[in-house]
Amino acid sequence: MNKMFYDNYRVQSENYGLFGSDALFSTGWMGVLPAKAKDLYLALKSYMNVSCNIAWPSTKRLEIDTLMNGTDIRTSAEFLNLIGLINIIERGSSFTGKSTEYQLRNVYLKHDFRTSLSRYII
Amino acid sequence: MILEPPYLDTLYELLLERKIKTSKKNASKNNKDVYNQRLNKVKEYISKIKEEDIKLIFKVRGELERGVVITDYKYELRGNIINNSVEYEYLEKLKLMIIKDLMQAVYTALRVSSISEKYNHYNGVLLSDFFKKLEVLRIGDNNTDSKTKESVVVENTPIRGSNIQVNRQENRLFNNDDESIHGVGINIPNFEEEDRSSTKDKVLNHSKVEKLLEDIEGQLISFNVSQEQHDSIMSILKVKDSQHLEDVYESLKLLLEVNFVADDNDNDNYAWSVCNKPSTATAKAAARGFKNRSLRKQAEQRAKEVNKDRAPLKPTPRDYYDQFFD
């Protein structure tokens with residue numbers, strides 16, 4: 001996905017309390033997400049670059065970490081993208097030899113807005 | 001995920017446009033049936049969410065006092081049981097289950113199908129559609145609000161002989177600080193004030209006055225007022241209103257905070273003037289002035305002490321050296 005395209009909506013979506021801190025447990029998202037999507041989110045988080053919230057692990061690496069199929073990983077990544085927890089910046093391909101780049105977005109409550117912004121500006 | 005109707009509708013529309021997996025090896029023949037079932041389930045849950053007006057607002061752990069403990073999050077670490085349970089109310093838990101089912105249904109629908117090329121980046125499409133719909137809704141809401149406000153606002157014109165007029169007069173007399181009254185310049189003597197007020201109010205006022213008098217007595221003692229003056233002031237204050245007493249109490253409180261001492265240590269006369277004509281503004285100004293003066297005095301004293309302590313400057317060899325060239 002284009003970064004510029006999403007940035008137009010990023011500020012708006014932050015105002016609606018969509019993304020922010022990494023308090024998945026405290027917000028209660030953990031109780032709601034499907035197990036495989038949850039695992040993938042946490043696995044991606046371990047490979048995340050903190051300055052830009054981007055992770056680019058290969059599918060093989062993720063298969064080893066999460067003990068899932070390639071199809072499961074693909075579907076769970078799509079699911080997270082659809083919900084808004086992940087933003088797929090660039091899709092990898094066998095021609096380029098590049099893995100996909102995932103941009104992780106943090107969840108936060110509405111009253112955490114100011115504190116979360118200071119820490120997690122993407 | 002935003003659990004609002006416009007967002008959920010666009011999500012459902014996007015799910016409908018996905019292609020069902022059939023070509024790959026792993027794809028089973030039942031994919032089409034599964035996909036349709038999940039889509040129906042998604043539709044059901046969306047309608048449920050709309051009906052019950054469920055929102056994805058989770059509460060922070062430990063905030064709720066009463067609730068059901070979910071035991072899944074308990075675990076052991078080095079012999080200690082760590083309780084990471086999230087406590088929700090029962091109704092909230094039910095709502096949560098609906099959201100969970102919806103997410104599971106969406107997940108399985110995604111698994112069975114694949115992305116169409118048209119919606120390669122559907123997250124952005126989803127959000128943009130949602131915001132467009134929201135804007136439309138909001139503009140509509142604003143218009144309706146303005147209309148309703150115009151219709152609702154009705155001027156309370158006083159009807160002749162009604163109780164509204166009497167009450168307004170009472171309020172005007174009671175609230176003398178109101179500027180509108182001074183502008184009009186009407187001061188109607190209210191002879192029947194005591195008769196109109198109910199017994200409850202009388203009792204309340206009485207207790208309030210007694211409490212205030214007790215407090216003021218304590219304040220006067222701490223203000224270093226002589227006993228004769230104290231008695232004379234109290235005899236006057238017993239006749240006064242509750243509002244007058246409140247003003248006295250507040251002004252004395254402001255002065256005592258700074259440990260106020262009048263000029264020439266004449267606190268008796270100062271207290272007399274305060275109790276006769278109390279005003280918080282003058283008391284505040286006096287307290288501020290006293291505080292500044294005292295601080296200045298302290299600074300001067302400190303400077304003097306420092307100068308005393310400091311030894312006189314001794315001539316350095318440099319000074320003797322300079323003398324030759326003068």
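**Notes on a two-chain model**

1. With 9 C-beta neighbours inside 10 Å, A:Leu67 counts as exposed. The cut-off for that label is 12 or fewer. Keep in mind while reading that this is a predicted model. Where does A:Leu67 sit? Look in the loop between helix 4 (59–66) and helix 5 (70–83) of chain A. Its backbone is worth a glance too: A:Leu67 is not a glycine, yet it has a positive phi of about 55°.

2. B:Asn259 is not a glycine either, and its phi is positive, at about 60°. You'll find B:Asn259 in the loop between helix 10 (242–257) and helix 11 of chain B. Is B:Asn259 buried or exposed? It counts as exposed, because it has 12 C-beta neighbours inside 10 Å, and 12 or fewer is what the label asks for.

3. Now step back to chain A as a whole. It has 6 helices and 3 strands. Read from the N terminus on, the order of elements is α-α-α-β-α-α-β-β-α. How many of its 122 residues count as buried? The share is 34%. As for contacts in chain A with a separation of 6 or more, 60% of them are between residues 24 or more positions apart.

4. Chain B has 326 residues, and 15% of them are buried. Take the contacts in chain B between residues at least 6 apart in sequence: 73% join residues at least 24 apart.

5. Which residues of helix 1 of chain B are buried? They are B:Tyr7, B:Leu8, B:Leu11 and B:Leu15. These residues cover an arc of only 95° around the axis, so they sit on the same side of helix 1 of chain B.

6. Next, a pair of helices. Two packed helices are described by the angle between their axes and the distance between the axes. The axes of helix 9 (residues 227–237) and helix 11 (residues 267–276), both of chain B, come within 10 Å and cross at roughly 5°. That angle makes helix 9 of chain B roughly parallel to helix 11 of chain B, because angles under 35 degrees count that way.

7. Which residues meet in that pair? From helix 9 of chain B come B:Gln229, B:Ile233, B:Ile236 and B:Leu237, and from helix 11 of chain B come B:Asp268, B:Ala271, B:Trp272 and B:Cys275. Sorted by type, the residues of this contact are 6 nonpolar, 1 polar and 1 charged.

8. Zoom in on B:Ala271, which lies in helix 11 of chain B. Why does B:Ala271 count as buried? It has 23 C-beta neighbours inside 10 Å, and 20 or more is the cut-off. Setting aside neighbours within four places in sequence, B:Ala271 is in contact with B:Leu220, B:Phe223, B:Val225, B:Gln229 and B:Ile233. B:Leu220 is 51 residues away along the chain, but the C-alpha atoms of B:Leu220 and B:Ala271 are separated by 7.8 Å.

9. B:Ser232 belongs to helix 9 of chain B and counts as partly exposed, because it has 15 C-beta neighbours inside 10 Å. Between B:Ser232 and B:Trp272 there are 9.0 Å in space, C-alpha to C-alpha, and they are 40 residues apart in sequence. B:Glu217 is in helix 8 (residues 199–222) of chain B, and its 14 C-beta neighbours inside 10 Å make B:Glu217 partly exposed as well. B:Glu217 and B:His230 are 13 residues apart in sequence, with 8.0 Å from C-alpha to C-alpha.

Notes. Residues numbered from 1 in each chain as written. Chains lettered and ligands numbered in written order. Predicted model: local features only at pLDDT ≥ 70, side-chain atom pairs only at ≥ 80, totals over all residues. Axes fitted to C-alpha atoms, helices over the stretch in contact; angles between N-to-C directions. Helix = DSSP H or I, 4+ residues; strand = E, 2+ residues; numbered from the N terminus. Parallel < 35°, antiparallel > 145°, perpendicular 65-115°, else oblique. Contact = placed C-beta atoms within 7 Å. Nonpolar A, V, L, I, M, F, W, Y, C, P; charged D, E, K, R; others polar. Arc of directions from axis to C-beta.
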